[in-house]
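Student: I have a protein model open, and I'd like to learn how to read it. Could you walk me through it?

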Amino acid sequence: MNVWNKVFYALIAVLCVGFTVLAANKYSLTKEWDAKLEAQNAKIAQLQDEIAALKIEIDGDPMKKAETWVDLGVRAQLDRVRGLLRGDAFVNCLPIEATTFEVDKDPISQESVLGAKISFAVPASYSLAAFADADDSTATFRKGAVAYVFDSGLTYVDEAAKTAEADAEATEAAAAEPRFLGAFKFVGAADAQAVLESVGNLTADELAAIQESQKSGRSWVVCVDRLPTDAPTNVAELIAADAETFASLDETTKTFFETANPSAQVFENLATVADATTAVDYQGLLARQFEVRDAQTLLKARRSLALNDLTYVLVDQLVLIGGEVDEATQALYSAEDFDAAVARKLVPSYEEQQTTLAAELEKMESYRDLAKSKLEEAQARVAECQAAIDATLAENARLATEIAQAQIALAKNAEQKSRDGGEPTTAFALSGI
């Protein structure tokens, strides 16, 4: 067999061995990754099942009727429990003050956006412990708590001087319908007097209605945290139906669910003084309005960021341009914005460059005028020199003419003397010198 054939067979054998090793490695690697993929798919399927089960735990099973507490789902359970904690209601509150204050400025027109600041006195029969801050025993109300204020339509009655006749007169004098005045937050308090500021912006009509109600002598109904409900849910029965959940509760919680129903008590107290249905009807409306307010707040924040960016660019451009700015443009930014733009400026402004160029131009113009004056002086001197040269040339021509004439006369004289005999006349004699 030829030697080259043997070499060729040997190379083929080596390649076959290498290919076999690569195929084995690929098979092993593919098998390993297939096993990992199967494990991940199984984990994803398990997570999807857990997510579906979690959704049922949160929102309840949509294919099953809720018959026990557990069937409701965590979200519905939370809503039902919140139904027991609907806040507190204060009736026969004495309006003390209703003023306006500037909430913000319209970024375009720069007109003031107004809100309402009100204060009222709570009757002495109410306990204000629920509204005290945990870390501040001197505070009467929790700062930031939301309150819904209503005009009860009833004349305020001083409980200290209250009599049956005065109560009847106040009831007869009430001619106004109960109405919603707005949502407010507590900003301060002194003893039984609370100070609140409106949540969001108010229209001129709403501000006028609040001020009219404060001056009318009618009492206010103030619902704190949440509005009362006229159909409170009996959560105790639902929890008691689930023996395992009810058994897991401590005795204090069991007693609370079995005996307490604050929202019903609030509704009963409120119904004796004012038309509570009017307040209840506003719960859904306020929820929707707060959603709109949050969306508008987000939109306002986005526009505020965009306005800040535009202000940043505007102030930077004004600083880079330099010069005087009219009052209308100055109203679009603050002095701090302008100072910050000046501090971060890296190159001279257009006006500064113009001033520098004007100074350099003035200096160059002075150099030009100096060179021009020197040129004119040199030209005058050249003209004088040219005139002197012309005069010298003319004088030289005259002298050359006289010398030529003398030489001619001398030559003639010499010629005459040589012909006639005698001494020739000298050049000095002929020249007349």
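**Reading the model, feature by feature**

Student: Where do we start?

Tutor: With the ground rules: this is a predicted model, where local features need pLDDT of at least 70, side-chain atom pairs count only at pLDDT 80 or more, and totals for chains, interfaces and linings use all residues. Residues are numbered from 1 along each chain as its sequence is written, and side-chain values use heavy atoms, with hydrogens and water left out.

Student: How many helices and strands does the protein have?

Tutor: Helices (H or I, at least four residues) and strands (E, at least two) are DSSP runs, numbered from the N terminus. Here the protein has 13 helices and six strands.

Student: And what share of the residues counts as buried?

Tutor: A residue is buried under 20% relative accessible area, exposed over 50%, and partly exposed in between, using a 1.4 Å probe and protein chains only. Of the 433 residues here, 22% are buried. The accessible surface, worked out by the Shrake-Rupley method with a 1.4 Å probe (for residues, only the protein chains shown count as cover), comes to about 29500 Å², and 58% of that belongs to carbon and sulfur atoms.

Student: What share of the contacts joins residues 24 or more positions apart?

Tutor: Contact means heavy atoms within 4.5 Å. Among contacts with a separation of 6 or more, residues 24 or more positions apart account for 67%.

Student: What does S349 touch, and where is it found?

Tutor: S349 is in the loop between α11 (335-343) and α12. S349 is in a loop and still counts as buried, at 3% relative accessibility. Beyond its neighbours within four places in sequence, S349 is in contact with V319, L320, I321 and G322.

Student: Now the charged side chains. How many salt bridges are there?

Tutor: A salt bridge is a side-chain nitrogen of Lys or Arg within 4 Å of a carboxyl oxygen of Asp or Glu. By this rule the count is eleven. One of them joins D151 and R218, with the closest N and O atoms 2.9 Å apart. D151 lies in strand β3 (residues 146-155) and R218 in strand β6 (residues 218-224), so this pair ties together parts that are 67 residues apart in sequence.

Student: Are D151 and R218 buried or exposed?

Tutor: D151 is buried at 0% relative accessible area, and R218 is buried at 13%. There's a network here too: salt bridges link D151, R179, E212 and R218.

Student: Where do E377 and R381 lie?

Tutor: Both are in helix α12 (residues 350-420), four residues apart, which is about one turn of the helix. E377 is partly exposed, with 35% relative accessible area.

Student: How many disulfides does the structure hold?

Tutor: A disulfide is a covalent bond between the sulfur atoms of two cysteines. The test is a pair of cysteine sulfur atoms within 2.5 Å, and this structure holds zero. C16 is partly exposed at 44% relative accessible area, and C385 is partly exposed at 46%.

Student: Which residues make the nonpolar surface patch?

Tutor: Patches are made of residues with over 30% relative accessible area and no salt bridge; like charges are joined within 9 Å, and nonpolar side chains (Val, Leu, Ile, Met, Phe, Trp, Tyr) within 5 Å. V3, W4, V7 and L11 make a nonpolar one of about 460 Å². W4 sits in helix α1 (residues 3-59) and is exposed, at 67% relative accessible area.
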